[in-house]
Amino acid sequence: MAVVILPDRKIEAPALQAIVNEAGGVIAEHSSNRPWISGVAGNQIHIQTRYLQLVVLGHTTATADSLLRRVEGLTRVDQLDPIARLVVEYDVLLIAKDARRTRVYAPAFQTRSVFWTTIDGIPVLADSQYVLASLRRFELNLGVLVVRLTNTEVTHPFIQSTIWSGVEALGLGESVTVDQTGEVSTARWWKIPRAEASLAELSPLAKSGLSDACALRLLGRDHVSSDLSGGLDSTTLCFALAEQTEKLATFFMRVGEGQNNDWRWAQRASHELGTNHHEVEYGKILEQIVQEVPANVTNFPEGPSPAVTAIASARPLASILRSAGSSVHFNGHGGDALFALVSSSPWSFLRSSATKKWRWLMRYRTLNRIPVSAYVQMLTDHRSFAEELHGLSQGRVSTPRYDQAEYSSWVQSPRFSPFFQADAIGLFREHAEEHLNSGTRPLSDDRTQHQILSYLYVHGGVVRRMNTLVSDLQFDSPFLDRRIVEPGLALNHDERTRQRPIKPLLAHARPSRMSIEYFKRLDKGDYTAEVFDQYEDVVGRVRSLFSEGSILSSLGIVDDGEVIRQLSSYSPDGASQSELIDIEFAEQWLRSVSEVRSRQPQRSVDCVKV
């Protein structure tokens, strides 16, 4: 059930009143006795001073008394950033009001978030997009739909856009404020560190940050579980969790790659830690997703996404996790971006104060088989964030799919397969122009930090969407905790890029019980085989959906005939197959939107009909 936040206004719109009635109870009231915060919430802290009223929802180590001492002398909500830095982490929302404004803080990477829209002049905030979309009769933003289908959602500024027209979302590390006139504004409360500290300086901070992040999430938990993929992120996480709990269940997803040795490393870690270890066939999880997680707006209220398979896995995994007694399941989301190289790392490394840079750069080019011309373009790219966004708004979107010259870009170029219509490119251009005209800035002036932060924001969204699918069990990644992220971002480009050893900060922050041998492994598995297996299951559904006339075609986004023709195409990396899997999901999802809208009473809101 969603948490809904309303201003101190009389509610006359029937649809809005219905949302309040269905929210599940009043958590806090205005002085007028009108509902301020409605919904069902677990852990709550309520604080009232002469000037401020605060409500903290979620898990925190802070107490009401400790918070009261910190806020007693404050008079305005815009003085609360230090309080947010203290308590807003994991699944916590901090909701506060003074005499004129309400302000809401959410975790920096939106593992739990807040969204808003305006109905009949009343700003409505909620931690669920479904609630707000229903108020707007599920009016679609078609530009965002195209963004989702061209794999551009993984990059800023497109990651912040919601699929619903008129529904807004928080950006990275932002709070939202509503004043007494109904005007809504956002501001960043989290400060991003500069990438200039040494490994020696940051290792103790990362080590204590990992321990503190785990401690917060284990508070009051009897049994917990975690992914144990055999990779460095999940393995380090399990060693950190095992330092604080003896009731840890670990889960490994077995794949069909014959040369994949991940299972050996996972079994080694499980044996060393003495966990209750489970192995699950990834292919069977994919089968259960098809059977148990239909592509509809109820299951996926935030719409299609390139990460939809990871999101959908929450439900079949939850049934297994419950049998292990787990109340919260951890994963290593964000670890690769935070501790390893990103594609712009060589660009930033070249401009760092490191010595012997060219020797490393040439070796990197050789190992990754990057053509010389593309490598030169990548390293000498001087475009600004605004210039790249302007280029996309002008239709310069025809970059080859895997052109390494684009690796250092601020904004990832979209993938327009042959089945997209010209109108789809036009919708994308318009959406890019909206961001450009709004004055959107990069997440950081440091190009590599900007890429890392984009990926962390995406992972936060995946965690949030997974939790939408399951009500009695939580998913989370401690690597999205600011106490780990901040030292990760602060590492200088020299030591980050050279990777001695792999993921050097994580290696130095690992629990003492964990051998450095884990960081010296050279083999790493993947899930490409499972993509092809999943694709084989999708082929028949795609042919059926797009032979009878699709909603995507009626919206001018795809050509049905070209979609069917692509069924016979092949790409060795599975990219073409993944695109068709995403298209099939989007079509099913759009049909569910149409069905839900048809059951709603008419409102005087102009909607895109689907």
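Arg383 is partly exposed, with a relative accessible area of 30%. In this predicted model, the side chain of Arg383 meets that of Glu388 in a salt bridge, with 3.8 Å from N to O. Glu388, at 5% relative accessibility, counts as buried. The points below cover salt bridges, aromatic pairs and a charged surface patch.

**Salt bridges**

- Salt bridges with shared partners join Arg148, Glu153, Glu302, Arg464 and Arg465 into one network.
- The count for the structure comes to 34 salt bridges.
- One of these joins Arg34 to Asp8, whose closest N and O atoms are 3.1 Å apart.
- This pair links distant parts of the chain, 26 residues apart: Arg34 lies in the loop between strand E2 (26-29) and strand E3 (35-38), and Asp8 in the loop between strand E1 (4-5) and helix H1 (14-22).
- Arg34 is partly exposed at a relative accessible area of 33%, and Asp8 is partly exposed at 32%.
- Another salt bridge brings together the side chains of Arg76 and Asp78, at 2.9 Å from N to O.
- Arg76 has a relative accessibility of 37% and counts as partly exposed; Asp78, at 33%, also counts as partly exposed.

**Aromatic pairs**

- The whole structure contains 17 aromatic pairs.
- Among them is the edge-to-face pair of Tyr105 and Trp189, with 6.0 Å from centre to centre and 80 degrees between the planes.
- Tyr105 belongs to strand E7 (residues 101-105), while Trp189 sits in the loop between strand E12 (184-188) and helix H6 (199-218); the pair thus links parts of the chain 84 residues apart.
- Both Tyr105 and Trp189 are buried.
- Phe138 and Trp164 form an edge-to-face pair because their planes stand at 70 degrees, with the ring centres 5.5 Å apart, and an angle over 60 degrees counts as edge-to-face.
- Phe138 is in the loop between helix H4 (129-135) and helix H5 (142-149), and Trp164 is in the loop between H5 and strand E10 (168-169), 26 residues apart.
- Phe138 is buried, with a relative accessible area of 1%, and Trp164 counts as buried at 1% relative accessibility.
- Ring pairs also link Phe158, Phe416, Phe419, Phe420 and Phe428 into a cluster.

- Lys356 is placed in the loop between helix H13 (345-350) and helix H14 (357-368).
- Lys356 has a relative accessible area of 60% and is therefore exposed, the cut-off for exposed being over 50%.

Methods
Residues are numbered from 1 along each chain as its sequence is written. Side-chain values use heavy atoms; hydrogens and water are left out. Helices (H or I, at least four residues) and strands (E, at least two) are DSSP runs, numbered from the N terminus. Buried means under 20% relative accessible area, exposed over 50%, partly exposed in between (1.4 Å probe, protein chains only). Rings of Phe, Tyr and Trp (its six-membered ring) pair if their centres lie within 6.5 Å; planes under 30 degrees apart count as stacked, over 60 as edge-to-face and the rest as tilted. A salt bridge is a side-chain nitrogen of Lys or Arg within 4 Å of a carboxyl oxygen of Asp or Glu.
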